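Welcome! Here is a short briefing to read alongside the sequence and the 3D view.

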Amino acid sequence: MPMPTEERVSQLVAGLVERRGLDLEGVHITAAGGPQARVTVTVDGDETVDLDTIADVSSEISEVLDDAADLGETPYLLEVTTPGVDRPLTAPRHWRRARGRKVRVRMRPGAQSPEGASTFDARVGASTETEVALVLGGKRAPHRVNVALADIESAVVQVEFSPPGAAEMELAGGVAAGRPEPGAADQAVDPAAPARGEHSVIAPTEGIVE
């Protein structure tokens, strides 16, 4: 039996993730060595998702995958995780949850950039479904501008190794509720290491297809 697609696994687990009050941010299936596959399920919420919640969701997802009629008996490695520190922002909810974080922004071709250059660093402020306030100028000359989300091609949260300035954080409106402070929370992150979630649970289990 062929390996189920990431879309199929998403369909199987989306409901239980939603019932937990979380968002399913992605499913990724890769080879884990030998006959084993790694199934990575990324979830997130408006507040920090703790390890206990991740462990509970992991157990529930494992049961769903094991019970699915189109899954075989080959062992698989299930990882349930939250987005890593350097996560991309691709939906309005991502911008809302990243308030207070530093991001590297790339504007779409033809869109007017508030910094002149098409790629620049900024701190995320308040956002809506259609636009976001960005704090430019860093610690020395912080100022806030509004940018349409439709004009942004990509944005990735940056790892920070020192706390941001008080003035820029005030303009940003502080950190989103339930989210870690930038700077100190990132100091344990190795920028050369593969991106991992803030919280992850990895468990060997049975049931992925042959």
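The notes below cover a sheet, a helix and some salt bridges.

This is a predicted model, in which local features need pLDDT of at least 70 and side-chain atom pairs count only at pLDDT 80 or more, while totals for chains, interfaces and linings use all residues. Residues are numbered from 1 along each chain as its sequence is written, and side-chain values use heavy atoms, with hydrogens and water left out.

**The sheet**

- Five strands form an open sheet in the order β7-β6-β5-β4-β8, with antiparallel pairing. Strands (E, at least two residues) and helices (H or I, at least four residues) are DSSP runs numbered from the N terminus, and two strands pair if DSSP finds at least two bridges between them.
- The edges belong to β7 (143-148) and β8 (152-157); each has a single partner strand, so one side of each is left without a neighbour in the sheet.
- From one strand to the next, the twist averages 45°. Axes are lines fitted to C-alpha atoms, and angles run from 0 to 180 degrees between N-to-C directions.
- Strand β4 (residues 102-107) runs antiparallel to strand β5 (residues 119-127), and five bridges join them. In this pairing, Val105 stands opposite Phe120 in β5.

**Helix α2**

- Helix α2 has 17 residues and reaches 24 Å from its first C-alpha to its last, close to the 24 Å expected at 1.5 Å a residue. The expected span is 1.5 Å times one less than the number of residues.
- Its buried residues (under 20% relative accessible area, with exposed meaning over 50%, partly exposed in between, using a 1.4 Å probe and protein chains only) are Ile54, Val57, Ser58, Ile61, Ser62 and Leu65.
- Seen down the axis of α2, these buried residues fall within an arc of 145°, so they line one face of the helix. The arc is that of the directions from the helix axis to the C-beta atoms.
- Exposed residues Asp52 and Asp67 sit on the face of α2 turned away from its buried side.
- At the start of α2, a side-chain oxygen of Asp50 comes to within 3.3 Å of the backbone nitrogen of Asp52.

**Salt bridges**

- The count comes to 16 salt bridges, each a side-chain nitrogen of Lys or Arg within 4 Å of a carboxyl oxygen of Asp or Glu.
- Arg20 and Glu60 meet in one of them, at 2.8 Å from N to O. This pair links distant parts of the chain, 40 residues apart: Arg20 is in the loop between α1 (6-19) and β1 (23-33), and Glu60 is in helix α2 (residues 51-67).
- Arg20 is partly exposed at 34% relative accessibility, and Glu60 is partly exposed at 28%.
- Arg97 meets Asp44 in a salt bridge of 3.9 Å, N to O. Arg97 lies in helix α3 (residues 92-97) and Asp44 in strand β2 (residues 36-44), so the pair ties together parts that are 53 residues apart in sequence.
- Arg97 is buried, with a relative accessible area of 6%, and Asp44 is buried at 5%.
- Arg97 also forms a salt bridge with Asp46, where the closest N and O atoms are 2.9 Å apart. Asp46 is in the loop between β2 and α2, so this pair ties together parts 51 residues apart in sequence.
- Asp46 counts as partly exposed, at 43% relative accessibility.
- Which residues are linked in a network of salt bridges? They are Asp23, Glu25, Asp44, Asp46, Arg93, Arg96, Arg97 and Arg179.

Conventions:
Polar contact = N/O pair within 3.5 Å; in protein donor to acceptor, adjacent residues only side chain to side chain.
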